[in-house]
Amino acid sequence: MEMTVERRYPVDVETLYAILTSKAFFEQRYAWGKVEDYRFDAFEQTEDGALIRIVQPITIRADKIPGFARRFLPTRADLTTEFRWHPAPEGGYRAEYRFALGNVPVKVSGTMTLLPGSDGGGESRQITQVAVRSSVPLVGGKLEKLIGQRFDQALEGDYRATLRYIKEKQ
């Protein structure tokens, strides 16, 4: 399953990049969600750009998961979120990202590109491309769809939270 989502932000590309690569942004996001159990596994500048890796232990409620998927999902696992940011060839910035939930046989990865908006400077665009892949025979497509739908909801939540952060911090 693949999807592309484009969002617009009321700040320039440099400001959006600075926000999305700041610890304060992630700390605030987790605080808003009342999440206390997480850790920065990596948060550093490398030769290739900024590396951000966050690990969050989560509990998965079986009553919220369709029956076919329960045998593939543990009740507790570490959610690892990783971004590798670098300058984008077309200007702006690009991150390769991945999300992994323990040993669940589904891979979520893609790119997030920050580009100037069409207004010529005060606005920016975020183009997120997502690929959800499962290696499970027969029900892999259903797992991809299930995770893809949840990821789409998470992207919408991220957008709202980023706008809130911009509004409160700018």
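**Figure 1. Overall fold of the predicted chain.** Of the 170 residues in the chain, 44% are buried (buried: under 20% relative accessible area; exposed: over 50%; partly exposed: in between; 1.4 Å probe, protein chains only). The model is predicted, and local features need pLDDT of at least 70, side-chain atom pairs count only at pLDDT 80 or more, and totals for chains, interfaces and linings use all residues. Residues are numbered from 1 along each chain as its sequence is written, and side-chain values use heavy atoms, with hydrogens and water left out. Four helices and seven strands are present (DSSP runs numbered from the N terminus; helices are H or I with at least four residues, strands are E with at least two). Their order from the N terminus is β-α-α-β-β-α-β-β-β-β-α. The radius of gyration is 17 Å, close to the 15 Å given by the globule rule for 170 residues, so the chain is as compact as a globular protein of that length (radius over C-alpha atoms; rule: 2.2 Å times the number of residues to the power 0.38). Along the principal axes, the C-alpha atoms fill a box of roughly 50 × 30 × 30 Å.

**Figure 2. Pairing of strands S2 and S3.** Strand S2 (residues 39-46) runs antiparallel to S3, and seven bridges join them (strands pair if DSSP finds at least two bridges between them). A hairpin of two residues links S2 to S3. Arg-39 has Val-55 of S3 as its bridge partner.

**Figure 3. Surroundings of Gln-56.** Gln-56 lies in strand S3. With a relative accessible area of 15%, Gln-56 is buried. Leaving aside residues up to four places away in sequence, Gln-56 touches Tyr-30, Val-35, Asp-37, Tyr-38, Ala-77, Asp-78 and Leu-79 (contact: heavy atoms within 4.5 Å).

Figure 4. The volume of the largest pocket is about 1400 Å³ (space filled by probe spheres set on grid points, which are joined across faces, edges and corners). A pocket is an open set of points on a 1 Å grid over the protein atoms alone, where a 1.4 Å probe fits, with protein on both sides within 12 Å along at least five of seven lines; lining residues have an atom within 4 Å of a point. Of its 45 lining residues, Leu-79, Thr-81, Phe-99, Phe-151 and Ala-154 lie nearest the centre. Elements supplying at least two lining residues each include strand S4 (76-87), strand S5 (93-101) and helix H4 (140-169). H4 gives the most, with eleven residues.
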